[in-house]
Each structure stands twice: as C-alpha cells, then as structure tokens.
Amino acid sequence: MGFKIVLSPDVPKVVNEHLRGNVESFLTDNGLTLDDISSYIFHSGGPKVLEAMETTLNLPDNALEPSWRSLREVGNLSAASVLAVLEDVLVNAPGKPGTYSILAAMGPAFCSELVLLQW
C-alpha cells in the first residue's frame, strides 16, 4: 500500500523548456529578477527533475540541497514534498530578513505552482 506515482520521462524536458521562462515572468510581475532570489525551496521531484531545475535556472552549487535531502530521506511525495523541504529550510536555514525565496512545486499533467516568499 501507500502512495504510488508514475512520472513521465518527459518531466525534465518540460522543466528545461518552461521553468526558467515561468520563473522569470513570475518575478517580473513582482518587480524582481533571478538575482534577487536568495534561496529556492523546490519540490523534490526526482533526481532528473532536480538536475533540470538546477541547470535551467543556473543555480549555484547546493542551492537545492534541502530538496535533495528530502528526496533521499522522505522520497517524492508529489507536490506535497515541497512542504517537507520548507520545514527543513525553516528549521535549518531560514532566509535573512528582507531576502526573497521562491517556493515551487509541480503537479499532475505538469502544472507548476510558484510562491514568492520574503523573510
């Protein structure tokens, strides 16, 4: 028993093709750029998905470490896994006051949800 999902092998391709544009558009709507983001709280959607996120957003080393840790320790809980990553960040590495983070999750039929956080 338990939760079972089947991921399309195309998810990393979709991330590579669309995530950066979606994030940049979202940030522009909020008067920000990628340079304004100090941390990323991303759904742990599997190794290839995390690698695609890192590559397409040109993230610095270890930017998604809480997501990787969640994937290792908890696994992929679909979009809800971002809550485990958020808990890790809140406990171990909350942002400095005034800085921004993006919280992002992906769901069925490939939709993405983006939330802008200011600490």
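This report covers the fold, the first helix, the sheet and a few single residues of one predicted protein model.

**Basis**

The model is predicted: local features need pLDDT of at least 70, side-chain atom pairs count only at pLDDT 80 or more, and totals for chains, interfaces and linings use all residues. Residues are numbered from 1 along each chain as its sequence is written, and side-chain values use heavy atoms, with hydrogens and water left out.

**Overall fold**

The protein chain has four helices and three strands. Helices (H or I, at least four residues) and strands (E, at least two) are DSSP runs, numbered from the N terminus. Along the sequence the pattern reads α-β-α-α-α-β-β. The radius of gyration is 14 Å, close to the 14 Å that the globule rule gives for 119 residues, so the protein chain is as compact as a globular protein of that length. That radius is taken over C-alpha atoms, and the globule rule is 2.2 Å times the number of residues to the power 0.38.

Along the principal axes, the C-alpha atoms fill a box of roughly 45 × 30 × 20 Å. Of the 119 residues, 39% count as buried. Buried means under 20% relative accessible area, exposed over 50%, and partly exposed in between (1.4 Å probe, protein chains only). Contact means heavy atoms within 4.5 Å. Among contacts between residues at least 6 apart in sequence, 57% join residues at least 24 apart.

**Helix H1**

H1 spans residues 11-29, which makes 19 residues. From first C-alpha to last it reaches 25 Å, close to the 27 Å expected at 1.5 Å a residue. The expected span is 1.5 Å times one less than the number of residues. H1 has a kink of about 40°, centred on His 18. The bend at a residue is the angle between axes fitted to the seven residues ending there and the seven starting there.

The buried residues of H1 are Val 11, Pro 12, Val 15, Leu 19, Val 23, Phe 26 and Leu 27. An α-helix has 3.6 residues a turn, so residues three or four places apart point the same way. The cover over the buried residues of H1 includes strand S1 (37-42), helix H2 (47-56), strand S2 (100-107) and strand S3 (111-118). H1 lies across S1, S2 and S3, at about 40° to S3. Axes here are lines fitted to C-alpha atoms, for helices over the stretch in contact, and angles run from 0 to 180 degrees between N-to-C directions. After H1 comes Gly 31, with a positive phi near 70°.

**The sheet**

The three strands form an open sheet in the order S1-S2-S3, with mixed pairing. S1 and S3 are the edge strands, each pairing on one side only. The twist averages 20° from one strand to the next. Two strands pair if DSSP finds at least two bridges between them.

S1 and S2 run parallel, joined by five bridges. Ser 39 has Ser 101 in S2 as its bridge partner. S2 and S3 are antiparallel, over eight bridges. Ile 102 is bridged to Leu 116 in S3, and Leu 103 stands opposite Val 115 in S3. Seven of the eight residues of S2 are buried, so S2 is largely enclosed by the rest of the structure.

**Single residues**

Leu 57 is buried, at 5% relative accessible area. Leaving aside neighbours within four places in sequence, Leu 57 is in contact with Leu 19, Arg 20, Val 23, Leu 34, Tyr 40 and Phe 42. Leu 57 and Arg 20 are 37 residues apart in sequence, and their C-alpha atoms are 5.8 Å apart.

Ser 70 lies in H3. Ser 70 is buried, with a relative accessible area of 5%.
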